[in-house]
Amino acid sequence: MNGSDRRFERFEELDAGRAFGDLDQAETSEWEALAAELGLQGDGSLDRLAADFEIAGAEAGKTALPPALAAKLKSAIPTHAAPSGEGKSRESSIVIGPWLGWAVAACLLALLAIPKLIPGKPADPAGQRAALIEKAPDALRLPLAGAGEPYESAGGEVVWSDSRQEGYLTLANLPANDPARNQYQLWIVDPARDEFPVDGGVFDVPAGEGPVVIPIDAKLLVERPAAFVITLEQPGGVVRSKQEVVVALAKS
């Protein structure tokens with residue numbers, strides 16, 4: 001394994017700890033340095049898992065780890081070599097509390113399910129979108145329309161799957177933004193979940209390009225989306241939008 005591969009694996013390891021709030025100050029600094037060096041961001045799927053397990057924390061404290069989940073984790077954890085002189089290896093034993101057990105389980109299973117980052121190989125949102133449409137029977141496809149001047153010519157489509165908690169925006173004729181001044185932010189309206197929309201991620205639209213495909217980064221579980229709204233916000237986005245500048249809208 002070369003040095004680049006080790007840095008990517010270390011970033012994944014630290015990112016799992018970040019999502020579950022398990023990093024100390026030195027590890028947080030290391031995560032930030034690797035994120036800047038590798039041009040990566042935190043994995044939204046880990047954040048969603050952490051949020052869901054936090055909500056389920058009270059119940060998790062009195063619920064045993066399901067056998068299928070325990071077996072999958074056991075198969076994923078390597079065995080430790082036996083001390084010198086014992087002659088054979090022995091399995092590691094893990095003693096963890098109920099809540100920590102569920103958090104670690106979620107974290108490990110997420111890392112098992114997430115494709116490994118390959119240095120030098122850029123993400124392909126367009127290909128991922130096509131795969132989602134092909135493989136997710138519940139994939140919802142909604143037309144996206146500009147919400148008035150100067151965005152009236154903007155258009156595109158939203159693709160979203162509840163079962164996979166995955167989706168993509170296809171955007172055309174949306175004005176390029178200056179990330180130093182403002183950024184676009186997606187909001188997912190899900191009345192079945194909450195009166196406040198779910199943050200769907202912050203993104204930029206570069207100048208001089210045709211249609212762009214943007215992965216949706218829902219920060220919380222979305223159950224039945226009724227609308228997808230794009231707003232223009234300050235750099236880095238906001239926790240709750242005043243929706244002063246609504247750019248585009250899609251309704252189910």
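**Salt bridges, a sheet and confidence: a chat**

Student: Which residue's side chain meets R18 in a salt bridge?

Tutor: R18 pairs with D15, at 2.6 Å from N to O. Here a salt bridge is a side-chain nitrogen of Lys or Arg within 4 Å of a carboxyl oxygen of Asp or Glu. One thing to keep in mind is that this is a predicted model: local features need pLDDT of at least 70, side-chain atom pairs count only at pLDDT 80 or more, and totals for chains, interfaces and linings use all residues. Also, residues are numbered from 1 along each chain as its sequence is written, and side-chain values use heavy atoms, with hydrogens and water left out.

Student: Okay! Where do R18 and D15 lie?

Tutor: Both are in helix α1, three residues apart, which is about one turn of the helix. Helices (H or I, at least four residues) and strands (E, at least two) are DSSP runs, numbered from the N terminus.

Student: And D15, buried or exposed?

Tutor: D15 is buried, at 3% relative accessibility, while R18 is partly exposed at 24%. The cut-offs are under 20% relative accessible area for buried, over 50% for exposed, and partly exposed in between (1.4 Å probe, protein chains only). Elsewhere, salt bridges with shared partners link R10, E13 and E30 into one network.

Student: How far apart are E30 and R10, N to O?

Tutor: The E30–R10 salt bridge has an N to O distance of 2.9 Å. E30 sits in helix α2 and R10 in helix α1, so this pair ties together parts 20 residues apart in sequence. E30 is partly exposed at 31% relative accessible area, and R10 is partly exposed too, at 25%.

Student: What does R7 form a salt bridge with?

Tutor: With E37, and the closest N and O atoms are 2.8 Å apart. R7 belongs to helix α1 and E37 to helix α2 (residues 25-38), so parts 30 residues apart in sequence are tied together by the pair. The relative accessible area of R7 is 33%, so R7 counts as partly exposed; E37, at 48%, is partly exposed as well.

Student: How many salt bridges does a search of the whole structure find?

Tutor: Eight.

Student: How many bridges join β1 to β2?

Tutor: Six bridges join β1 (residues 140-146) to β2 (residues 155-161), and the two run antiparallel. On its other pairing, β1 is joined to β8 (residues 246-251) by two bridges, also antiparallel. A145 stands opposite G155 in β2 and opposite L249 in β8.

Student: What about L169, which residue stands opposite?

Tutor: That is I214 in β6. Contact means heavy atoms within 4.5 Å.

Student: Now confidence. What is the mean pLDDT of the chain?

Tutor: The mean is 78, and 67% of the residues reach 70 or more. Residues 58-63 fall below 50, and this stretch has five contacts in the model beyond near neighbours in sequence. Residues 112-117 also stay under 50, with 10 contacts beyond four places in sequence. pLDDT is the predictor's confidence in each residue, from 0 to 100.

Student: Last one: how many helices and strands in the chain?

Tutor: Seven helices and eight strands. Of the 252 residues, 32% count as buried. Among contacts between residues at least 6 apart in sequence, 64% join residues at least 24 apart.

Methods: Pairing = 2+ DSSP bridges.
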